[in-house]
Amino acid sequence: MRLVRLMCSGRVDLAHILRAFAKGADGVFIGGCRLGECNYITHGNYHALNLALLSKKIFEHIGLNPRRLHIAFMSGGEGNLFASEVDGFCKTIKELGPIGQSEEISPARLEEVMSDITRLVPYIKIEKHEKLTVCLEDETTYEDHFSLDEIKRLFEEVASYYIDPAKCQACMICARSCPVEAIDGGKGVVHVIDQDKCIKCGTCLNACPSRFGAVTKIVGGPVPAPLPLDQRTIVRKGGKEKTTSTEKVLP
Ligand code: SF4
Ligand code: SF4
């Protein structure tokens with residue numbers, strides 16, 4: 001058993017849980033302070049609960065037993081409760097066996113799925129932001145807070161972002177704001193998005209000045225291939241620069 005200690009359950013991120021499973025953990029246990037007794041105004045333990053409920057539904061969606069993730073709340077003085085929660089969880093994990101075995105998912109497939117979902121963590125958190133910030137008071141609402149249908153839609157509606165070469169003015173704003181350096185470009189060069197690096201956060205869509213409107217959101221359709229590098233140079237018409245047939249000419 002491996003113990004990872006974070007200061008606050010509100011610090012737990014979906015990416016931490018996914019990484020643990022991708023690395024072969026058979027189960028993940030999250031312990032937090034009692035709900036309603038958070039020391040901070042952020043109520044991080046409610047956030048951890050929502051995150052755990054979301055993760056469980058995602059696991060159900062991909063065929064992983066959601067009982068492999070458990071969250072429990074207790075105060076620092078409730079050692080007995082902690083021991084019994086951990087004991088019960090260990091028994092569950094022993095019963096389920098090594099990760100992927102009872103689910104019939106191979107380790108390679110599991111790693112692949114976990115890494116695909118990990119790439120989408122920013123997108124998932126943006127899309128589910130509202131529900132992730134709710135303080136759930138009634139335990140009977142936990143199961144329905146996220147539905148399997150909405151998780152299915154969440155993955156079906158993943159957007160891709162594309163820079164229209166006819167509109168890009170190479171102002172470089174999007175490249176500077178991309179959190180994962182997925183946008184390639186430079187001064188005088190039409191920018192392109194590396195779809196393998198893109199984490200679908202949508203920042204570039206908002207960052208591109210509206211007078212250019214070069215970034216497009218694509219849902220459910222193919223993303224056009226990016227322009228080859230030798231066709232991405234921008235030559236301004238007003239200047240004395242000579243253009244070639246492969247150069248983009250802007251007013
Ligand atoms: S959506 Fe845009 S800003 Fe976000 S990762 Fe993809 S390219 Fe970068
Ligand atoms: S912000 Fe818009 S116009 Fe500027 S480089 Fe990016 S896509 Fe092109």
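## Domain layout

The protein falls into two parts, domain 1 covering residues 9-156 and domain 2 covering residues 159-250, and the model in which they are seen is a predicted one. Taken over C-alpha atoms, the centres of domain 1 and domain 2 are separated by 37 Å. To the contact between them, domain 1 supplies five residues and domain 2 supplies four residues.

On the side of domain 1 that touches domain 2, helix H5 (residues 121-127) gives the most, with three residues. That side of domain 1 is made up of four nonpolar residues and one charged residue, with no polar ones.

## Packing of helices H2 and H8

Helix H2 (residues 44-62) packs against helix H8 (residues 148-156) at an angle of about 75°, and their axes lie 9 Å apart. Angles of 65 to 115 degrees count as roughly perpendicular, and H2 and H8 are therefore roughly perpendicular to each other.

The contact brings Lys57, Ile58, Glu60 and His61 of H2 together with Leu148, Ile151 and Lys152 of H8. By class, the residues in this contact of H2 with H8 comprise three nonpolar, one polar and three charged.

## Surroundings of the two ligands

Ligand 1 is surrounded by 13 residues, of which the closest are Cys178, Cys198, Cys201, Thr203 and Cys204. The shell around ligand 1 contains ten nonpolar residues, two polar residues and one charged residue.

Around ligand 2 there are 15 residues, and here the closest are Cys168, Cys171, Cys174, Cys208 and Ala214. The shell of ligand 2 holds twelve nonpolar and three polar residues, while charged residues are absent from it.

## Confidence in the model

Across the protein the mean pLDDT is 89, and 91% of the residues reach 70 or more. Among the elements of the protein, helix H9 (residues 173-177) has the highest mean pLDDT, at 97, whereas strand E8 (residues 248-250) has the lowest, at 48.

Over residues 240-247 the pLDDT is below 50, although this stretch still has eight contacts in the model beyond near neighbours in sequence.

Key:
Residues numbered from 1 in each chain as written. Chains lettered and ligands numbered in written order. Predicted model: local features only at pLDDT ≥ 70, side-chain atom pairs only at ≥ 80, totals over all residues. Domains from an automatic or database assignment. Contact = placed C-beta atoms within 7 Å. Helix = DSSP H or I, 4+ residues; strand = E, 2+ residues; numbered from the N terminus. Nonpolar A, V, L, I, M, F, W, Y, C, P; charged D, E, K, R; others polar. Near = placed C-beta within 6 Å. Axes fitted to C-alpha atoms, helices over the stretch in contact; angles between N-to-C directions. Parallel < 35°, antiparallel > 145°, perpendicular 65-115°, else oblique. pLDDT = per-residue confidence, 0-100.
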